[in-house]
Amino acid sequence: MDYRSTRGSRSDSLNSAEAVIQGLAPDGGLYVPVNFPTPTINLAEISKLTYKETAKLVLSWFFNDYSDEQLDESIRAAYGSQFDDDEIVPVTKETAGSHYMELFHGPTLAFKDIALQMLPHLMVNAVKLTNVNRKIVILTATSGDTGTASMNGFRDVDGTQVIVFYPNGGVSPVQLQQMLTQQGDNLEVVAIDGNFDQAQTEVKRIFNDSELEKNLKLSGSQFSSANSMNIGRLMPQVAYYFYTYGKLVRDGTVKLGNAINFTVPTGNFGDILAGYYAKKMGLPINKLICASNQNNVLTDFFTTGTYNKNRDFYLTNSPSMDIVVSSNLERLLFDLANEDSNQIKKLMNELTNDGQYTISDDMKTRLDTNFDAGFASETAIKAEIKRVYETAKYTIDPHTAVASAVAREYQQRTGDKTPMVVVATASPYKFPETVYEGITGKQVVEPGYAAVGQLFDITGDLVPAPIKTLFELEPHKQVVVKPEKMEEFILKIVK
Ligand SMILES: *Cc1c(COP(=O)(O)O)cnc(C)c1O
């Protein structure tokens, strides 16, 4: 399986192991398969598979230069007892109108674990496959969850170093405590005096600085990425769409071959893109519904065909979705433009120079066939947490609530009766303050651990083990740097 850049030519390609190490293409584009896999999909067979078996199938499509043993061993290690549910990805029966695909049963309680428990294994094997004898320095911009999940996954992995940048004041108390208590000699975490977009833009710039890259290689290191720009992070996410379909077939909700819908709480567009790839490979998905919070640049894009990043940035109670420039949208555009990289280059230049671009009518038509979109305000999010709790005694986190509210609005607006799966991306205990307020209408007495206790007192939901011990750990002192000082900071660590 070869990969190429969305902004480069077909012939300029590398294999999957090389693409995992590279992370981001040197021309600023993202890696995509040169020939998208077209496996013969046997849904009847797929719907009998466990999560690990489904992951094996999907990974073998996208990473076929890894050996069978490498993939088997990686899957065994990635999806073991660090998940608190044997199913890895449990899916609820219909609950307040939707099925909830629970992606938050891993060690850091958000969906990032599904891919970031896997990525270190793909990375270590890629180093073996390509004979790269350099230390891999993983630069990670996080809107809250990727940082902790990548540090958890890469903790003390030989030959790797992780540097995480998170927005100062832009993450929840639990997220902050998680980041500041990570143990591991190869982990660094620093706050940025800015938002996620500034951190991501600066990381991308540093990546594409060829002078810096040369110097780094001379000192025996090389950058890579744990953001969903990396195929090693993105592709493992395709598996849960297949798995969930199979699960709904098994429990009799869906007749084999009939379509389902997914509503995905979206920030950097990685999760929903994985769903689009599943559809592209033949999974019967009717609509993928892109759900945003108050940072609703994507809702406007799906409605009008114009992406405009010149807008206010809001800090919300679903901080992992506080993003204005969604990186992975570039991969979707590439597909909608029939893999015409010149057109992608043009659109991305417009985004850099004018802050906006408009896609062609053809692209817009293809977009409308596959997607719908909506957003939820802060008030609507809390109301949805309350509605789902009161209707079904089911507790959802604010990100899941964004998707849940948008799914409901979509169903009411369109009358579409296709079974709906809401992608549940985080444990409610990761955001106890907002969840408590949603259910009771009252503020918690104190954020953080006390809020976890207050939420438990009203719901009685099992508190995940990682949360119980989290606040016993002494947090490191927070380090804050300005975006323009990120490069200096990185060099100090790498040297
Ligand atoms: C990262 C994240 C999202 C957004 O996912 P993208 O792949 O960035 O679109 C949604 N919810 C939670 C809880 C997250 O951590």
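Reader: OK, a charge sits over a ring if NZ of Lys or CZ of Arg is within 6 Å of the ring centre and within 35 degrees of the ring normal. Which residue lies over the face of Phe-36 here?

Author: That's Lys-280, at 4.8 Å from the ring centre of Phe-36. Before you go on, this is a predicted model, where local features need pLDDT of at least 70, side-chain atom pairs count only at 80 or more, and totals for chains, interfaces and linings use all residues. Residues are numbered from 1 along each chain as its sequence is written, and side-chain values use heavy atoms, with hydrogens and water left out.

Reader: Got it. How many aromatic pairs does the structure hold?

Author: It holds 22, a pair being rings of Phe, Tyr or Trp (its six-membered ring) with centres within 6.5 Å; planes under 30 degrees apart are stacked, over 60 edge-to-face, the rest tilted. Take Tyr-276 and Tyr-277: their planes meet at 45 degrees and their ring centres are 6.5 Å apart, so this pair is tilted.

Reader: Are those two buried or exposed?

Author: Tyr-276 and Tyr-277 are both buried, with under 20% relative accessible area (1.4 Å probe, protein chains only).

Reader: And what about Phe-301 and Tyr-357, how are they arranged?

Author: Edge-to-face, with 70 degrees between the planes and 6.2 Å from centre to centre. Phe-301 and Tyr-357 are both buried too.

Reader: Where do Phe-301 and Tyr-357 lie?

Author: Phe-301 is in helix H14 (residues 297-304) and Tyr-357 in strand S12 (residues 356-358), so their pair ties together parts 56 residues apart in sequence. Helices (H or I, at least four residues) and strands (E, at least two) are DSSP runs, numbered from the N terminus.

Reader: Which residues form the aromatic cluster?

Author: Phe-36 is in one cluster with Phe-62, Phe-269, Tyr-276, Tyr-277, Phe-301, Phe-302, Tyr-307, Tyr-357 and Phe-371.

Reader: New topic! How many residues line the largest pocket?

Author: There are 22, and those nearest the centre of the largest pocket are Arg-7, Thr-201, Lys-204, Val-325 and Thr-352. A pocket is an open set of points on a 1 Å grid where a 1.4 Å probe fits, with protein on both sides within 12 Å along at least five of seven lines; lining residues have an atom within 4 Å of a point.

Reader: Which elements give two or more residues to that lining?

Author: Helices H9 (196-207), H15 (329-336) and H16 (341-354) do. H9 gives the most, five residues.

Reader: What's closest to the centre of the second largest pocket?

Author: Phe-104, His-105, Pro-428, Asp-461 and Leu-462, out of 17 lining residues.

Terms used:
Buried < 20%, exposed > 50% of the residue type's maximum accessible area, 1.4 Å probe, protein only.
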